[in-house]
Structures are given as structure tokens and as C-alpha cells.
Amino acid sequence: MKEVIATPSRTKELLERYELRAKKNYGQNFLVEPGIVEKMARHAVVSDHCAVIEIGPGIGALSQFLCTYAKRVIAYEIDTRLPAVLADSLSAYDNFELRMQDFLSVDVKGLVESLCAQGYDVAVAANLPYYITTPILFRLFEANAQIAAITVMMQKEVADRFYAQCNTKEYNALSVITQYRCDITPIMKIPRNVFMPRPQVDSTVLQFRLKPGLPHIQEERLFALIKACFKQRRKTILNNYGTFLQNKEIAESRLKQAGIHPTVRSESLGLADFIRLYEVNGNGN
Ligand code: SAM
């Protein structure tokens, strides 16, 4: 391993040499704690024939460890000031490839398919730009691509919602929808003081492993049902579901058929309850 990038002194040196100031509008907070970056990379690389897609390499803190453990790293970056820095900081790694493109415009399915066709196991890793955490994750979830694992750092409060269990204040429609799509494993908590510049919030690394959908379920319909049931959080499921069906009586009878008491709130229901409610009608509405 060449000189570690994820330290305060090396990061400062690179930023000064290239006269860079972190751009807030690109969500730039650079990791300066090598132990954290290494642990994240070890979790992200899923096999000894792994190609990792990295979103936002910055000055290369995480990329360096990904290059150490993975066969190939393909990184997407939006900040045009960074290719010069990365050419320098990662010059020792010939398995790093930089693509200057907004990740939100990448054809994820095409990219993953071409890597799989070359025999790689494909994984995604990122210290995500916080301003687009959810759009990026949904793009990955909805690509319907063969991604073995998505290991990403995000703002702690956002991670808490993805991972929330029922009967907690963080639990909402996003939690249920994500848990339908993925198995989620919390990898580690990250304090705000290991970044340069230091953000206002702590972070969490989560790993998502996509699950196959249930064959009899039309996702858009299930997700519409879940969103409607959480629409007015303080109201009962009967209220929210009744509004969704525009008929309280039918709503009540379907809830009973699904074994759900009409006076409970959605926050006390698990994914299995919403699936049963969907199934009562065959297609969820
Ligand atoms: N990986 C580095 C690290 O851990 O130190 C930098 C992480 S920083 C939180 C987020 C990075 O994502 C920045 O380099 C930023 O320029 C980049 N970025 C922001 N929006 C992006 C987008 N739409 N597509 C690709 N990269 C983006």
C-alpha cells in the first residue's frame, strides 16, 4: 500500500497542492480516518473476483482501499477539479478507472450487466454525497441489476429510517419499502470528527443486499398501498387505508380479512402485514 490518503495530513497536503476547497453543493466531506475506510472497503468487496462501482471518489480515500481488495474499481465523479488529484493520489493503482459523469445519469443495469459478462461479481461502495443519498439508492434498487452488495455511508438519521423497525419513531413507508427490496445490515457508526471538513451530523454505514421480489406482487401497487397507509402518521390504519380505497367499509372488512385490527397505526405493522393486506385484494387496491 502506498501512502494512505485518508489521514488529516495527506488530505490537507493534497487539497493545498491542488488549491481545492471542499464544495458544499457536491456534498464533499473527505474521510480522514484510515481504519474506518479500510473496514468499509473490506465489507464492500464481496469476493476475490469483485468489481466495485464507487460513487464520488473525492480525492481517493476509500478508492485506495477498494483498489487494494477488489480486482477493479470504476468510480463516477462529478467534480471536474478531481481527475488531476486522483491521477496523482492513485497513480500506484492500475485497477482504478475514473468516469466523469453524474451517477444519477448512469445506465446502472447496462454497466452491471457488462461487468457480470466479464465474469466479475459486482458491488457498489460509496461515502455518499448526502444531498442525493435517497435518489442514488433508489436508482440502484430500481435498476433490477445483479448487484451483490451495496455498502454505503450516509447521514445517521437517513440510515436510521432505512433500517428502522416497527414501533419506532423513525419507522415509515421508506423503511417498509426498502425492507421489501433488501436485507439491510448496519456495518458501523461514524462520528462527525473523522471528516474534513467536519459535517454537522454523524454517519452510519449500511450494507444492502437486494432480494428477489415476490412473483405475485406488482411493486408499484404494493408501494402505493404502503405509502397511503403512512400518509397521516397519527391516524389509524382504517383512516388511511379507507381514504386510499375511498371506502371505509370495504377497508374495514379487508383489514379484518388480513388479520389487522382497524384501530392500530401503520407504525405498528411489519412488512408481512402490508403484504397480507395487499394479498387480500389480489392486487392491493
Ligand atoms: N469518497 C470520498 C471520501 O470518502 O473521502 C469523497 C466522499 S464525498 C462525501 C462525496 C463525493 O461525491 C464528492 O467527491 C462529490 O464531488 C461526489 N459527487 C457529488 N455528487 C455526485 C454525483 N451526482 N455523481 C457522482 N459523484 C458525485
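Ring pairs link Phe 138, Phe 141, Phe 162 and Phe 208 into a cluster, where rings of Phe, Tyr and Trp (its six-membered ring) pair if their centres lie within 6.5 Å, and planes under 30 degrees apart count as stacked, over 60 as edge-to-face and the rest as tilted. This is a predicted model, in which local features need pLDDT of at least 70 and side-chain atom pairs count only at pLDDT 80 or more, while totals for chains, interfaces and linings use all residues. Residues are numbered from 1 along each chain as its sequence is written, and side-chain values use heavy atoms, with hydrogens and water left out.

By the ring rule the count comes to eight aromatic pairs. Tyr 171 and Phe 230 form an edge-to-face pair, at 5.8 Å centre to centre and with 70 degrees between the planes. Tyr 171 lies in the loop between helix H7 (156-163) and helix H8 (173-181), and Phe 230 in the loop between helix H9 (219-229) and helix H10 (237-245), so the pair ties together parts that are 59 residues apart in sequence. Tyr 171 is buried, with a relative accessible area of 2%, and Phe 230 is buried at 9%; buried means under 20% relative accessible area, exposed over 50%, and partly exposed in between (1.4 Å probe, protein chains only).

The protein chain has 12 helices and nine strands, taken as DSSP runs numbered from the N terminus (helices H or I, at least four residues; strands E, at least two). Of its 285 residues, 51% count as buried. Residues 24 or more positions apart account for 69% of the contacts with a separation of 6 or more, a contact being heavy atoms within 4.5 Å.

The largest nonpolar core has 41 residues, and those with the most contacts inside it are Leu 31, Ile 59, Leu 66, Met 153 and Ile 190; such a core is a set of buried Ala, Val, Leu, Ile, Met, Phe, Trp, Tyr and Cys residues joined through side-chain atoms within 4.5 Å. Apart from this core lies another, of 36 residues, among them Val 112, Phe 138, Met 154 and Ala 159.

Grid points are joined across faces, edges and corners, and a volume is the space filled by probe spheres set on the points.

| Space | Volume |
|---|---|
| Largest pocket | about 300 Å³ |
| Second largest pocket | about 230 Å³ |
| Largest cavity | about 340 Å³ |

Of the 14 residues that line the largest pocket, the closest to its centre are Phe 141, Asn 144, Leu 210, Lys 211 and Glu 219. Helix H5 (108-117), helix H6 (133-142) and H8 each supply at least two residues of this lining.

The largest cavity is lined by 24 residues, of which Ile 55, Gly 56, Pro 57, Glu 77 and Asn 127 lie nearest its centre. Strand S1 (30-31), strand S2 (50-55), helix H3 (61-69) and strand S3 (72-77) are the elements that give two or more residues to the lining of this cavity.

Key
1 Å grid on protein atoms, 1.4 Å probe; cavity = no way out; pocket = protein on both sides within 12 Å on 5 of 7 lines; lining within 4 Å.
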